[in-house]
Amino acid sequence: MEAAVAPGRDAPAPAASQPSGCGKHNSPERKVYMDYNATTPLEPEVIQAMTEAMWEAWGNPSSLYPAGKKAKDIINAARESLAKMIGGKPQDIIFTSGGTESNNLVIHSVVKHFHANQTSKGPAGGHHSPVEGAKPHFITSSVEHDSIRLPLEHLAEEQVAAVTFVPVSKVSGQAEVEDILAAVRPTTRLVTIMLANNETGVVMPVPEISQRIKALNQERVATGLPPILTHTDAAQALGKQRVDVEDLGVDFLTIVGHKFYGPRIGALYVRGLGEFTPLYPMLFGGGQERNFRPGTENTPMIAGLGKAAELVTQNCEAYEAHMRDIRDYLEERLEAEFGQKRIHLNSQFPGTQRLPNTCNFSVRGPRLQGHKVLAQCRVLLASVGAACHSDHGDQPSPVLLNYGIPFDVARNALRLSVGRSTTRAEVDLVVQDLKQAVAQLENQA
């Protein structure tokens with residue numbers, strides 16, 4: 001499939017979402033990008049902020065000369081912008097290389113904290129030792145991103161931790177609160193549930209989960225058990241809907257810049273960092289980020305991340321409304337062109353909120369596997385699911401199977417995710433492109 005770069009929000013018409021600005025409107029070279037859940041292009045303002053930082057703030061942020069002070073000022077401003085975007089405090093933000101590092105840092109910290117506090121206070125103020133060989137217990141869902149699933153599976157295989165993967169409901173598409181609470185053990189230390197699924201867009205009931213865990217923690221403390229921490233990977237939700245850590249009630253929240261038109265770095269929110277919520281470094285070095293994530297800061301990328309967060313704070317409602325309008329139009333056109341009986345909308349669960357930009361669907365048919373349909377498309381640039389699983393061929397997405405989507409339907413799945421600049425005209429082009437791709441496959445001997 002042709003590599004492409006989709007333009008930013010302010011790209012000149014008619015090139016919105018037209019990679020590399022190639023071709024005229026009806027040119028066979030024209031491409032329409034609909035894989036915004038995989039990555040997003042940099043907004044022009046983000047590129048400008050990064051460029052200015054490269055020119056003016058090239059100094060080491062720990063140095064006292066002007067270029068170093070300029071770099072430090074940019075980093076502090078970006079930290080404030082990220083905090084404002086999620087309703088948190090700047091001192092609770094740690095910059096990381098991206099979502100994978102942020103998620104691993106949370107899991108790593110919980111294991112370290114468990115072993116650092118193996119002797120806890122009992123109900124009478126004394127102390128008791130845990131069961132010999134006790135391991136920290138994690139609770140997560142069966143549809144998490146690999147940067148949560150794989151490190152937890154690794155810890156379980158190495159017998160460093162115990163993990164419960166709670167299945168999602170086939171009715172709501174969500175990890176149910178009662179199922180999570182039922183999985184709690186005395187050794188449970190972390191509940192980590194994504195805020196929105198990257199393949200279906202289903203929004204998880206994170207506020208309810210946090211509230212119930214908070215109430216449970218009061219009982220645990222009274223009986224001498226340590227509280228359970230909560231984490232959400234908010235990678236897919238940021239920039240598409242309002243995200244507020246006070247409403248969510250979580251202790252940790254993962255931020256990923258390239259999902260909201262920023263650069264490929266990230267951050268981690270930690271409520272009351274180092275005071276109320278523990279964090280243990282995975283790296284050791286020069287002491288940057290208050291020793292929690294040392295290493296000389298990447299000032300230009302941090303500048304871009306801050307600008308991207310600022311744009312989300314200013315425009316999130318408009319972004320959300322536009323993407324929902326385009327996504328709904330896309331689903332209407334798919335059903336109109338293929339018929340409601342042939343189209344299966346894999347991401348629709350009655351009564352369940354989902355991201356405004358995500359459409360996961362299958363065209364029913366024995367030769368219409370998702371990757372084959374994409375290979376026949378001349379216009380559409382998209383994926384069959386998570387970008388990191390793009391080499392799975394005919395195998396259906398495990399996430400969709402966990403959602404209860406039948407095997408033959410899941411194997412035909414395509415994930416189209418629209419962006420800030422996607423237009424209805426582009427939707428029409430994509431739907432016609434899909435029609436010719438399906439016809440071509442069905443006409444093959």
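In which helix does Cys 316 lie? Cys 316 lies in helix α8, where helices (H or I, at least four residues) and strands (E, at least two) are DSSP runs numbered from the N terminus. Before going further, note that this is a predicted model, in which local features need pLDDT of at least 70 and side-chain atom pairs count only at pLDDT 80 or more, while totals for chains, interfaces and linings use all residues. Residues are numbered from 1 along each chain as its sequence is written, and side-chain values use heavy atoms, with hydrogens and water left out.

Cys 316 is buried, with a relative accessible area of 12%, and the word buried means under 20% relative accessible area, exposed means over 50%, and partly exposed lies in between (1.4 Å probe, protein chains only). The C-alpha atom of Cys 316 is separated by 9.8 Å from that of Val 243, although the two residues are 73 residues apart along the chain. Another cysteine, Cys 377, is buried as well, at a relative accessible area of 10%. The structure holds 0 disulfides, a disulfide being a pair of cysteine sulfur atoms within 2.5 Å.

The open spaces come next. On a 1 Å grid over the protein atoms alone, a pocket is an open set of points with protein on both sides within 12 Å along at least five of seven lines, whereas a cavity is a set of points where a 1.4 Å probe fits but cannot get out, and lining residues have an atom within 4 Å of a point. Grid points are joined across faces, edges and corners, and a volume is the space filled by probe spheres set on the points. Sorted by class, the lining of the largest pocket has 14 nonpolar, 10 polar and 7 charged residues, where Ala, Val, Leu, Ile, Met, Phe, Trp, Tyr, Cys and Pro count as nonpolar, Asp, Glu, Lys and Arg as charged, and the others, Gly among them, as polar.

The structure also holds 3 cavities of 30 Å³ or more. The second largest cavity contains about 60 Å³ of space, and of the 13 residues that line this cavity, Thr 40, Lys 240, Lys 259, Tyr 261 and Met 323 are the closest to its centre. The lining of the second largest cavity divides into 6 nonpolar, 4 polar and 3 charged residues.

Rings of Phe, Tyr and Trp (its six-membered ring) pair if their centres lie within 6.5 Å, and planes under 30 degrees apart count as stacked, over 60 as edge-to-face and the rest as tilted. A search of the whole structure finds 4 aromatic pairs. One of them joins Tyr 33 and Tyr 36 edge-to-face, at 4.8 Å centre to centre and with 75° between the planes; Tyr 33 is buried at a relative accessible area of 11%, and Tyr 36 is buried at 1%. Phe 349 and Tyr 403 form a tilted aromatic pair, with 5.5 Å centre to centre and 40° between the planes. Phe 349 lies in the loop between β11 (343–345) and β12 (358–363), and Tyr 403 in the loop between α10 (398–402) and α11 (407–410), so this pair ties together parts that are 54 residues apart in sequence.

Gln 159, which is not a glycine, has a positive phi of about 60°; Gln 159 is found in the loop between α4 (146–157) and β6 (162–166) and counts as exposed at 62% relative accessibility. Glu 289 likewise has a positive phi, near 50°, in a residue other than glycine; Glu 289 has its place in the loop between β10 (266–270) and α8 (299–338), but counts as buried at 8% relative accessibility.
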